Amino acid sequence: LFFCELLSGNTVLKMQERSLVFSLGRGMSRKTMYSHGVEVSAASEMIASQAFAAKNLCSSEDRYRLFEMLSYAGIVRSVGQPPFGFTGNMAIRNWFIENLSGLSFGNQKVYDILNNDMKEDLINFSGTKRTLRYLMRYSDSDLNAVDSIVTGLIDSESYRSKLSAMYSERDFASVVTEKNHKKSILSYILETAAYIVSATSILDDAVRNSCIISHQVLYFLRSNEEFSEDITEEEYQKYCLLVNSLDKYSLKNIEGDDYRSTEAETVHRWTLLLRNEMCRSAAECLSENFEQIMLGTFRKDLISGSWCRILKPLFARLLDVLADSASYVDSCLESEKIILGLTDRIVRAAVKYDSSEKLSSIEDKIIYIIPEKYKKVYRESSSGKSESEKLYLRILMALDYICDMTDREAEKTYSKIC
């Protein structure tokens, strides 16, 4: 009921108006944060269904419960993302990397006032980590009622000892993880599905928006076969089969009338094939290592534990190539400028809010346009806290306001205050 209510209201409408990579409303083919969440849910269910089909790993009741959670969790994990998706995340991180050390509060530097965990949340800002904050602070439901899904969301970004929750939600996150003591199976599946969908979606959208063509992808995959020594001959053959399938798709469509359209369809079909193979491989890893996962002794993600681990460094290098392309840079330049401008204006004003520091005329107006719900959350969560934590929570108030905007709302607000 909690997630049905959450996903049937304004939350989903806003997710449909936040782009994943390429900005909305610029005549470009693009995916939204909502469509991304739906695809993550679908990939999660595919991994789980194939893993459980191979072996009778749990009861039918537990299996039904897991599938039900996955159908919601893939979408819910994206509710904390800022406008312009990946570009928005990087812009917020970059602003704090470049400005936090020089940001002042009174006679002190904000960098010196905040503790390391607070600074970590800002310098390595993550919309996924912010999801728990959104659910706790801006929804009316009792999170204890959906404890198992929240457990998956808390550590679903990556396997690490540190919680994937912001410092502001540390108490709730600690209670949840202390009860479970280990990474949940939901988290393993979610993080893997999110990685698979993100990597293939960015590649798909990049071709659709003429950042790269299929023959460039093919050349890259064939000229970057730098695998680790533990790769087996069988794994190498699987890789070759996957790469050759892109070549076959390209040859079929080389005579097409609309070359640009054909390019997009070629890579789209191949990324679907790639996604299915990666999900199947992850399902095998889940099935083979189920006991270790349930005991909390499996120290890899499901991709790193399968033959598809050899694709991860290739994807990383391919995305670097895409990031350097002129079309990609052009598409992200305006989005990054908007988020950097909003963060600069709103954070600097929020730092002085509710303190003895005097706001300038423009800063006073900026604080005025921040909706009351964000100020209310700040007042409630800052009560009884130290001055350093109050400062941190004021900065989060500014980020909450920015992150809850749609792409178009961000553009309009930027035109007003920047």
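Contact here means heavy atoms within 4.5 Å. This is a predicted model, in which local features need pLDDT of at least 70 and side-chain atom pairs count only at pLDDT 80 or more, while totals for chains, interfaces and linings use all residues. Residues are numbered from 1 along each chain as its sequence is written, and side-chain values use heavy atoms, with hydrogens and water left out.

**Overall make-up**

- The chain has 21 helices and two strands. Both are DSSP runs numbered from the N terminus: helices are H or I with at least four residues, strands are E with at least two.
- Of the 418 residues in the chain, 54% are buried. Buried means under 20% relative accessible area, exposed means over 50%, and partly exposed lies in between (1.4 Å probe, protein chains only).
- Among contacts in the chain with a separation of 6 or more, 77% join residues 24 or more positions apart.

**Around helix 10**

- E169 sits in the loop between helix 9 (147-154) and helix 10.
- E169 has 1% relative accessibility, so it counts as buried.
- Leaving aside residues up to four places away in sequence, E169 touches L132, R133, M136 and R137.
- F172 lies within helix 10 (residues 170-180).
- F172 is buried too, with a relative accessible area of 16%.
- L132 also features in the spacing of F172: the two are 40 residues apart in sequence, and their C-alpha atoms are 9.5 Å apart in space.

**Helix 5 against helix 17**

- The axes of helix 5 (residues 85-99) and helix 17 (residues 326-352) come within 9 Å and cross at roughly 50°. Axes are lines fitted to C-alpha atoms, for helices over the stretch in contact, and angles run from 0 to 180 degrees between N-to-C directions.
- Helix 5 and helix 17 are therefore oblique to each other. Angles under 35 degrees count as roughly parallel, over 145 as roughly antiparallel, 65 to 115 as roughly perpendicular, and the rest as oblique.
- The crossing of helix 5 and helix 17 is right-handed. That term applies if the near helix is turned clockwise from the far one by less than a right angle; anticlockwise gives left-handed.
- Helix 5 contributes T87, G88, A91, I92, N94, W95, F96 and N99 to the contact, and helix 17 contributes C332, S335, E336, I339, L340, T343, D344, V347 and R348.
- By type, the residues of this contact of helix 5 with helix 17 are eight nonpolar, six polar and three charged. Ala, Val, Leu, Ile, Met, Phe, Trp, Tyr, Cys and Pro count as nonpolar, Asp, Glu, Lys and Arg as charged, and the others, Gly among them, as polar.

**Helix 4 against helix 11**

- Helix 4 (residues 60-76) packs on helix 11 (residues 185-208) at an angle of about 45°, with the axes 11 Å apart.
- That angle makes helix 4 oblique to helix 11.
- The crossing of helix 4 and helix 11 is right-handed.
- L66, M69, L70, A73 and G74 of helix 4 meet I185, L186, I189 and L190 of helix 11.
- The residues of this contact of helix 4 with helix 11 are eight nonpolar, one polar and no charged.

**Cysteines**

- The whole structure holds zero disulfides. A disulfide is a pair of cysteine sulfur atoms within 2.5 Å.
- For C279, which is in no disulfide, the nearest cysteine sulfur is that of C308, 9.3 Å away. C279 counts as buried, at 0% relative accessibility.
- C332 is in no disulfide, and its nearest cysteine sulfur, that of C211, is 7.8 Å away. C332 is buried, with a relative accessible area of 7%.
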